[in-house]
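Trainee: I would like to go through this structure with you and ask, for each label, what value stands behind the word.

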Amino acid sequence: MKTENSAVDIDRNKGDFFYPEVHVRDAGVGLSERTIHYIADVKDDPDWVREYRLRGLKTFLEKPLPTHWASKDLEAIDFNKIRYYLSPGTEPKRSWEEVPDDIKRTFERLGIPEQERKFLAGVEAQFDSEAVYSNIKKAVGEQGVIFVGSREGLKNYPEIFRKWFGKVIPIADNKFSALNSAVFSGGSFIYVPPGVKVKHPLQAYFRINAENFGQFERTLIIADEGSEVTYMEGCTAPKFNTPTLHSAVVELVALKGAKIQYITVQNWASNVFNLVTKRGLAQENAEVKWIDCNIGSRLTMKYPSVIMKGRKARGEVLSIALANDGQHQDTGAKMIHAADETTSNIVSKSISIGKGRATYRGLVHVPKHLKNCKNNTECDALLINATSRTDTYPAITVRGTGNAVQHEASVSQVSTEQIFYMQQRGLTEAQAMSLSVNGFVNDLVRQFPMEYSVELKRLIELEMEGSVG
Amino acid sequence: MNELNIERLHIAVGDQEIVRGLTLRVPRGEVHALMGPNGSGKSTLAKVLAGHPDYRVTAGKISMDGEDLLELEPDERARRGLFLAFQYPSEIPGVTIANFLRAALQSRLPEGGELEATDYYAKLYEKMELLGMDRSFTSRAVNEGFSGGEKKRTEILQMAMLEPKYAVLDETDSGLDIDALKTVAHGVNSLRGPNLGILLITHYQRLLNYIVPDHVHVMVAGRIVRSGRKELALELEERGYDWARDGATEPAYR
């Protein structure tokens, strides 16, 4: 069943290993202005970035945890016990040969170099706080496509970087975007020149290797007029005894007529707090599409958004969340219509297993002065056990005439009869469950790139094997 | 020893005893019809043979080729060669017939074994043709939005693909018009042979015109009250279940 083209690490056990730490740069435990200065010094930040970080810290400290609407489990994060910056202190390498052995071995075990050879236009591999490897196929680079880490982007392309950085997601958007703004490190910076269509996906792989650690990558993708790009990210971490924090900020800018597709398949260990802010800006006739698969983690809070700012802009979120025993997937989408004739589509499917909990939060906003906007929202939940839980919080504000919104939601349960029927054909209970779940997500997964859909199926099977017994 | 052997079986749901001391043997190579009025316990028997978790076997034995079935999970029974064509097959949304059957066949292979895709599809199309099913059917989700006739055909298609040693057909004729009935019967007849034992559960004699049984048993109130050759079905049709019940002696078989 293991495919040659596996796009992301999928086997929970496959990611559950780590090598001894080799960090030369370490900001120590806890968060203060000193931490910020340490990071800014090590990274040789320009002054405006240092100030930006300090404002981020201030905002983070001022804002309360959003527990008035979000899970109280957030209180389990002890921000004073986390290490905010760890790196080997070397520049990202352009060839795997130059990457330090332990780190290279990690990514080899995760199959990254192999996938790069097979079907990717470029790869960035981040290990804890910094990219250790970053490379783009020559032909793609020659088209003027920039694909580097956020630090390199900031250093080598300051005019594009500064123009868009923090513009889609301001510091004060939420407590965790503020935290990221304070301590961000790593992530990708991508620029696609006008009219360039990048055929193969660019991939980033985020790996947490250290305990008591927080990973805060910052990704900024700008697709200039009429260009197209697909970006894929995969994430894993070993299972440590203490919680790990992952809090990224991802900003996408699709200029007139551009298309950005952003694909995430996360497979976090079950004690990772995954609190991510993702938002795209779509100008006239542009399209931003998020494909978001949330598997693993202790608590995920993530609501990919699209602001449709230009006429005829399109936004789409296709998401799958699988909440296993002890996990809470609090996910959804936000569609902000800000111009006439904009259209958005949300399809969300969640699966809750054992005592797992899946929450859908959606926001669709169409103001009064707009004409001919359309939104379609479909939101389906599947409950595997009687103890499984799902909640849906859709917020739809649509004003004005000639705007159309459609919302469909369903909750279904895998019935005893259905499982018995499948067992009667020879499938074990776990196989029957995973086939049911795969059937439930099937129409959505079919829209994913092939490499991802196969791996996702495999991952669902592994999750189900562990949950029936 | 090559038989499905049910001995003095008692089955309860909650406090209610539904099957009360039923004895029946279906040797491989034979077709046995089990007839009875509504509520006689026929479908309960079918589900218990397959291992449905809602029913409790309070006494008696079931064995297949000498192996105790009651010790086995439903899927283990299936993989060892027991097939149940359901009276009301479940829908499996999003799972195509082709994928479902492939998973079912795959589950019978040893660990690491892979199904040969070309052979699989060749066989699938051949069996579909036998049952008068269009090839486009393979990409439809199992039983989802199927008519009664389509569901029953799909059951027989699965039976043809999985090649069981024993098949229990639970009211496979119900809800079928005469043309569909003929097609399904043709499918079942083509599977008959020395390696397959069939227990054909039905309410009506009609099906037995098309699938001619070797033996007929009449079940009333959880027991077999009469057994005989195929002529018994005709006699039953003429005289009704009251006759069968009134004339009942102790459960007798051969």
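Mentor: Let us begin with the word "contact": two residues are in contact if their C-beta atoms, placed from the backbone, lie within 7 Å. Keep in mind throughout that this is a predicted model.

Trainee: Which residues does A:Thr359 touch, not counting residues up to four places away in sequence?

Mentor: A:Thr359 touches A:Gln329, A:Asp330 and A:Asp391 once those sequence neighbours are set aside. The place of A:Thr359 is in strand 21 of chain A, residues 357–366.

Trainee: Why is A:Thr359 called buried?

Mentor: A residue is buried if 20 or more other C-beta atoms lie within 10 Å of its own. A:Thr359 has 23 other C-beta atoms within 10 Å, and therefore A:Thr359 is buried.

Trainee: What makes strand 12 of chain A mostly covered?

Mentor: Strand 12, residues 249–254 of chain A, has 6 of its 6 residues buried. On one side these are A:Val249, A:Glu251 and A:Val253, and on the other A:Val250, A:Leu252 and A:Ala254, which leaves both faces of strand 12 of chain A covered. In a regular strand the side chains alternate between the two faces of the sheet.

Trainee: How do you know that strand 12 of chain A is paired with strand 9 and with strand 14 of chain A?

Mentor: Two strands pair if DSSP finds at least two bridges between them. Strand 9 (residues 218–223) of chain A and strand 12 of chain A are joined in the parallel sense over 6 bridges, and 6 bridges also join strand 12 of chain A to strand 14 (residues 272–282) of chain A, again running parallel.

Trainee: Which residues touch the most other members of the largest nonpolar core?

Mentor: Of the 210 residues in that core, A:Ile190, A:Ile221, A:Ala223 and A:Ala254 touch the most other members. Helix 10 of chain A gives the most to this core, with 8 residues, and the core draws at least three residues from each of domain 1 (25–302) and domain 2 (418–469) of chain A. Leaving aside its neighbours within four places in sequence, A:Ala254 is in contact with several residues, among them A:Ala223, A:Ile260, A:Leu281 and A:Val288.

Trainee: How many residues does each domain of chain A bring to the contact between them?

Mentor: The contact takes 7 residues from domain 1 of chain A and 7 residues from domain 2 of chain A, while the C-alpha centres of these domains lie 31 Å apart. Strand 13 (259–268) and strand 15 (287–296) of chain A each supply at least two residues of the domain 1 side, and the residues of that side divide into 6 nonpolar, 1 polar and no charged.

Trainee: Why are strand 4 and strand 24 of chain A said to stand at the edges?

Mentor: They belong to an open sheet of 10 strands in chain A, in the order 4-3-7-10-13-15-18-20-22-24, with mixed pairing. Strand 4 (130–136) and strand 24 (404–413) of chain A each have a single partner strand, so one side of each is left without a neighbour in the sheet. Within this sheet, strand 15 of chain A and strand 18 (residues 314–323) of chain A pair in the parallel sense over 9 bridges, and A:Trp290 has A:Val317 as its bridge partner in strand 18 of chain A.

Trainee: What makes helix 1 of chain B mostly covered?

Mentor: In helix 1 of chain B, 8 of its 9 residues are buried, including B:Leu45, B:Val48 and B:Leu49. Just after this helix, B:Gly51 takes a positive phi of about 95°.

Trainee: Finally, which helix of chain A gives the most to the side of chain A that touches chain B?

Mentor: The contact takes 19 residues from chain A and 22 residues from chain B. Helix 9 of chain A gives the most to the chain A side, with 8 residues, and the residues of that side divide into 6 nonpolar, 10 polar and 3 charged.

Notes. Residues numbered from 1 in each chain as written. Chains lettered and ligands numbered in written order. Predicted model: local features only at pLDDT ≥ 70, side-chain atom pairs only at ≥ 80, totals over all residues. Helix = DSSP H or I, 4+ residues; strand = E, 2+ residues; numbered from the N terminus. Nonpolar A, V, L, I, M, F, W, Y, C, P; charged D, E, K, R; others polar. Buried ≥ 20, exposed ≤ 12 C-beta atoms within 10 Å, placed from the backbone. Core = buried A, V, L, I, M, F, W, Y, C linked by C-beta atoms within 7 Å. Domains from an automatic or database assignment.
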